[in-house]
Amino acid sequence: MWNVLLIFSALLAALYLWMKWKHSYWQRRGIPTLPGHWFFGHFKDPILMRKSPGMVAGNLHKQAADNDDVLGIYILHKPFLLVRNHELIKQILIKDFHIFPNHHFTGQSIADKVGSSSLFGITSSQWKYLRVKMTPVFTSGKLKNLFLLMMESAELTRVHLREQFQGDSKVASFTVKDTFYKYTTNVIASMAFGVRSNCFDPATSSEFYKYSTEAFQMTFLRAIQFFFLFFFPNLGKYLGGSMLNTSTDYFRKVFWDSMDNRTVTKMKRGDLIDSLLQLKTENVSDEIFQFEGDALFAQAAIFFVAGRETTITVITYTLCELAKKPEIQKRLRQEILEKIEVANGITYEAVQDMKYLQQVIYEAMRLYPPVPILDRVPLEDYTFPGTNITVEKGMPIYIGVYGLHTDPKYYSNPMTFDPDRFSDERKGEILPCTYLPFGEGPRNCIGSRLGYLQTAVGLITVLRDHEIALNPFWQCTVDEKNVFTSPPSGFKLDMKKI
């Protein structure tokens, strides 16, 4: 018995000393850091699922000394560099992009060829080639066509919201995430999978909506898989996670049925399916990428994932802030109704002309960035120009977007919801690379314009008919289990007919 205790104590002591040595990495290189847990490092709360990783990274950014351009942090035994200075961020994302073209998080999984082949996760020449081929999907002309699909789904959403009122009552509650899951699924399903689905009608959409819900269900196991894929991808790829969860086979079949139908009919809609169909017929060399099988399907899948989740997040938190600030909500509604009246309806041009709506959305993304951490890895040892800060090849570099967006060095009264920060008169005060909801540089979000338009139409749909208020039983919080910024499941707001 004593021998067992002695061996266990020795092993524990060895682990402790090894971790302390690993946690001295940044000190040995003269990089500032903060006190952390001897085992968990600086991510104890995210590892124990008590706080969102994105919010913790943002808080670490804010805890550092004002003059610290970078901060060394540890997640378990592993060192990461958190970059806080906007000029250094510009070097990474734009000026020296050729050294930082790749994400640390790749979505690579031996159990999921789909996640391993998506535009977000592929590297270097593969990404560059695919980005060029997919960019035409998001031109103004193509967005105008997609706008019609958004308006179809918006009208179905409008009917759904009316149905929440009982009898002659003018006040009702609605489940925000569920409502806009259906709205965004209608739009993205058509663009990415070439199928039309009314997710608000169980009789016609039960199967598609059922599988799309299962694909994004955040279980305890899935949260662990995502955490390791994001922070420890070399280990995470063995944990069996997949982008579309257990729904992968269903969506693969839907995608290929649509591709086959488009091949037979030769119908052109100018959507993602058409672009992928063109890639399938091109003669691409092996060393670049073979755009076939799951490599093609993966591009539809990543747009389905990203297009839904980010839009839902931004709509939810925008409505939350508007509920807290009735005077801002009133001003925004007045603009919406005036533009609709002038245009004799909701048109693409009318939405683009709603400047205050844009300011409100941009401010919501500042306080609640859907992707709260940006990541890169250098292809070689790198010293930031004009500094003695050197990082080794392969060192994960993080930007805590939430921390950057709420840094008083860059934003006055940073925790105040103030859409006028983005007015024509004041937007020049925002320094380059201090506002990054869609990233920056060559590898920024390819679908940012689509995401904005989809978000704007969703908000117009709610605000043209209703006043929004907080529900006393729900708080505007962030899901602790999700790596990305996400409202909790079941979150509700109150609405009043106007």
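**Loops, Salt Bridges and Surface Patches**

Trainee: Where is Leu76 found?
Mentor: Leu76 lies in the loop that runs between β1 (70–75) and β2 (78–83). Please bear in mind that the model is predicted.

Trainee: And is Leu76 buried or exposed?
Mentor: Leu76 is buried, because its relative accessible area is 16%, and buried means under 20%.

Trainee: What is there to say about phi of Leu76?
Mentor: Phi is near 55 degrees for Leu76, which is a positive value in a residue other than glycine. Asn413 also has a positive phi, near 45 degrees, and is likewise a residue other than glycine.

Trainee: Where does Asn413 sit, then?
Mentor: Asn413 belongs to the loop between α19 (401–405) and α20 (448–463). Asn413 counts as exposed, because its relative accessibility is 58%.

Trainee: Let us step back. How many helices and strands does the protein chain have?
Mentor: The protein chain has 20 helices and nine strands. Of its 498 residues, 56% are buried.

Trainee: How does the radius of gyration of the protein chain agree with that of a compact globule?
Mentor: For 498 residues, a compact globule would have a radius of gyration near 23 Å, and the protein chain, with 24 Å, agrees with this. Along the principal axes, the C-alpha atoms fill a box of roughly 75 × 55 × 55 Å.

Trainee: Why is helix α4 described as largely enclosed?
Mentor: Helix α4 (residues 53–63) is largely enclosed by the rest of the structure because eight of its eleven residues are buried. Among the buried residues of α4 are Pro53, Met55, Leu60 and His61.

Trainee: Now salt bridges. What is the count?
Mentor: The count comes to 21 salt bridges. One of them joins Lys182 to Asp178, where the closest N and O atoms are 3.5 Å apart.

Trainee: How are Lys182 and Asp178 placed in helix α9?
Mentor: They are four residues apart in helix α9 (residues 176–193), so about one helical turn separates Lys182 from Asp178. Lys182 counts as buried at 13% relative accessibility, whereas Asp178 counts as partly exposed at 28%.

Trainee: Which residue does Lys51 pair with?
Mentor: Lys51 forms a salt bridge with Asp45, with 3.8 Å between the closest N and O atoms. Lys51 is partly exposed at 42% relative accessibility, and Asp45 is partly exposed at 22%.

Trainee: Which residues are linked in a network of salt bridges?
Mentor: Glu155, Arg158, Arg464 and Asp465 are linked in such a network.

Trainee: What about the surface: which residues form the positive patch?
Mentor: Arg162, Lys170, Lys496 and Lys497 form that positive surface patch. Lys170 is in the loop between α8 (140–162) and β3 (171–175) and counts as exposed at 54% relative accessibility.

Trainee: And which residues form the nonpolar patch?
Mentor: That patch consists of Phe8, Leu12, Leu15 and Trp18, which together have about 400 Å² of accessible area. Phe8 is part of helix α1 (residues 2–22) and counts as exposed at 53% relative accessibility.

Trainee: One last point. How far apart are the C-alpha atoms of Asp479 and Met49?
Mentor: Their C-alpha atoms are separated by 9.5 Å, although Asp479 and Met49 are 430 residues apart along the chain. Asp479 is found in the loop between β8 (466–470) and β9 (492–497), and at 14% relative accessibility Asp479 counts as buried.

Definitions and conventions: Residues are numbered from 1 along each chain as its sequence is written. This is a predicted model: local features need pLDDT of at least 70, side-chain atom pairs count only at pLDDT 80 or more; totals for chains, interfaces and linings use all residues. Side-chain values use heavy atoms; hydrogens and water are left out. Patches are made of residues with over 30% relative accessible area and no salt bridge: like charges are joined within 9 Å, nonpolar side chains (Val, Leu, Ile, Met, Phe, Trp, Tyr) within 5 Å. Accessible areas come from the Shrake-Rupley method with a 1.4 Å probe; for residues, only the protein chains shown count as cover. A salt bridge is a side-chain nitrogen of Lys or Arg within 4 Å of a carboxyl oxygen of Asp or Glu. Lys and Arg count as positive and Asp and Glu as negative; His and the chain ends are not counted. The place of a charge is taken as NZ of Lys, CZ of Arg, CG of Asp or CD of Glu. Helices (H or I, at least four residues) and strands (E, at least two) are DSSP runs, numbered from the N terminus. Buried means under 20% relative accessible area, exposed over 50%, partly exposed in between (1.4 Å probe, protein chains only). The radius of gyration is taken over C-alpha atoms; the globule rule is 2.2 Å times the number of residues to the power 0.38.
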